[in-house]
Amino acid sequence: MELPVIDLSQYLELSTKLLSPSDESNSSVEQELNPQTKNLCNEVSRILRDTGALLIKDPRCSVEDNDRFLDMMEKYFDKPDDFKRHQERSHLHYQVGVTPEGVEVPRSLVDKDLQQKLSTMPKENQPSTPVGPDPKWRYMWRVGPRPSKTCFQELNAEPVIPEGFPEWKQTMDSWGYKMINAIEVVAEMAAIGFGLPKDAFTSLMKQGPHLLAPTGSDLQRYGKEGTVFAGYHYDLNFLTIHGRSRFPGLNIWLRSGQKMEVKVPVGCLLIQTGKQLEWLTGGECQAGMHEVVVTNRTLEAVEAARQQNRSLWRVSSTLFAHIASDATIEPLGHFADSPLAEKYPPMCAGEFVELELAVINLKGKTNDSDS
């Protein structure tokens, strides 16, 4: 099975012709959509519900944008470990700066309910078994305006800029904003497809702690088939978006339980459902499970990179879009009447994030040093 690609061009073109944001009747703008665009919105919501993953093409996000970002992050991850640890902020729950390898613990190693579920899976659909914390680095870069007042300062901290990268802020912000813009369009389309107001999700995303969060996995050191860079897990945020990586290795699980290797076409972006979307839809959308593993295809890409003298760091071009920390997550609209709604009680999004971070070993000690 291959995931279909949704081209956002049609929706973008139509939305620019519709009512301006200042128009009082704009909340009903979905009524202005033509049948073809409405069907496209229905398809977006269906794919997110059935697969937990969506491939999109956004004319505002170019291959060159992604390559510029990957080039810079490869240079950063190739720096010595001591250099990178200067950007570590464990006391801020690793929500800005760098997370070293060996810190984040895969949920499949600590969640007993999940372990029980995995034991009943057919062998061909079971994930790879990690041997400990993920051997990947990650960099968290805050994108977008932060709230002036919040109960969750650690989740809304100032970004960290490493020395020796004068292009850092411009490159990170440019790519980060483009990916957030793509997610906002998908969030609008999904809301319409689910029979909710167009801004049902995007209104909750305003001033959210969105994080451009590329991972760096050292294939020079860990390039052995079967190595698990990111153990079987879901994302705790609203929606996750990835640009295309230069090395394959991402597996996802469909709603049916089928395991599937993802192949992102050139010029496309991958979107995955997170736990906050599951909460807002009362379980209609399930947070998508996934892993990153060194496969035979990864090793073929490694060999090609060696021959071309390219970097052997596998960088993921990942952004986590969040619901605002002080907003409440609960089943929206008709989802409140879902039989599963009681499993998703009203909760502050920031509180939910902190609980999830504690499980995967990212809620650091509050008295740690900044460096």
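S45 has its place in helix 2, where helices (H or I, at least four residues) and strands (E, at least two) are DSSP runs numbered from the N terminus. The model is predicted, so local features need pLDDT of at least 70 and side-chain atom pairs count only at pLDDT 80 or more, while totals for chains, interfaces and linings use all residues. Residues are numbered from 1 along each chain as its sequence is written, and side-chain values use heavy atoms, with hydrogens and water left out.

- S45 counts as buried because its relative accessibility is 2%; buried means under 20% relative accessible area, exposed over 50%, and partly exposed in between (1.4 Å probe, protein chains only).
- Neighbours within four places in sequence aside, S45 is in contact with A190, G193 and F194, contact being heavy atoms within 4.5 Å.
- K275 lies in helix 10 and, at 15% relative accessibility, also counts as buried.
- The contacts of K275, again leaving aside neighbours within four places in sequence, are Y234, D235, L236, N237, A287 and F352.
- Between the C-alpha atoms of K275 and P133, which are 142 residues apart along the chain, the separation is 21 Å.

**The second largest pocket**

- About 520 Å³ of space lies in this pocket; a volume is the space filled by probe spheres set on grid points, which are joined across faces, edges and corners.
- On a 1 Å grid over the protein atoms alone, a pocket is an open set of points where a 1.4 Å probe fits, with protein on both sides within 12 Å along at least five of seven lines, and lining residues have an atom within 4 Å of a point.
- The second largest pocket has 25 lining residues, and K117, E278, Q286, A287 and M289 lie nearest its centre.
- Helix 2 (35-51), helix 6 (112-119) and helix 10 (275-280) each supply at least two residues of this lining, and the largest share, four residues, comes from helix 2.

**Helix 11**

- Helix 11 (residues 296-307) has 12 residues and reaches 17 Å from its first C-alpha to its last, close to the expected 16 Å, which is 1.5 Å times one less than the number of residues.
- Its buried residues are T298, A301, V302 and A305.
- These buried residues of helix 11 fall within an arc of 105° seen down the axis, so they line one face of the helix; the arc is that of the directions from the helix axis to the C-beta atoms.
- Helix 9 (219-222) and strand 12 (290-293) are among the elements that cover the buried residues of helix 11.
- Just after helix 11, N309 takes a positive phi of about 60°.
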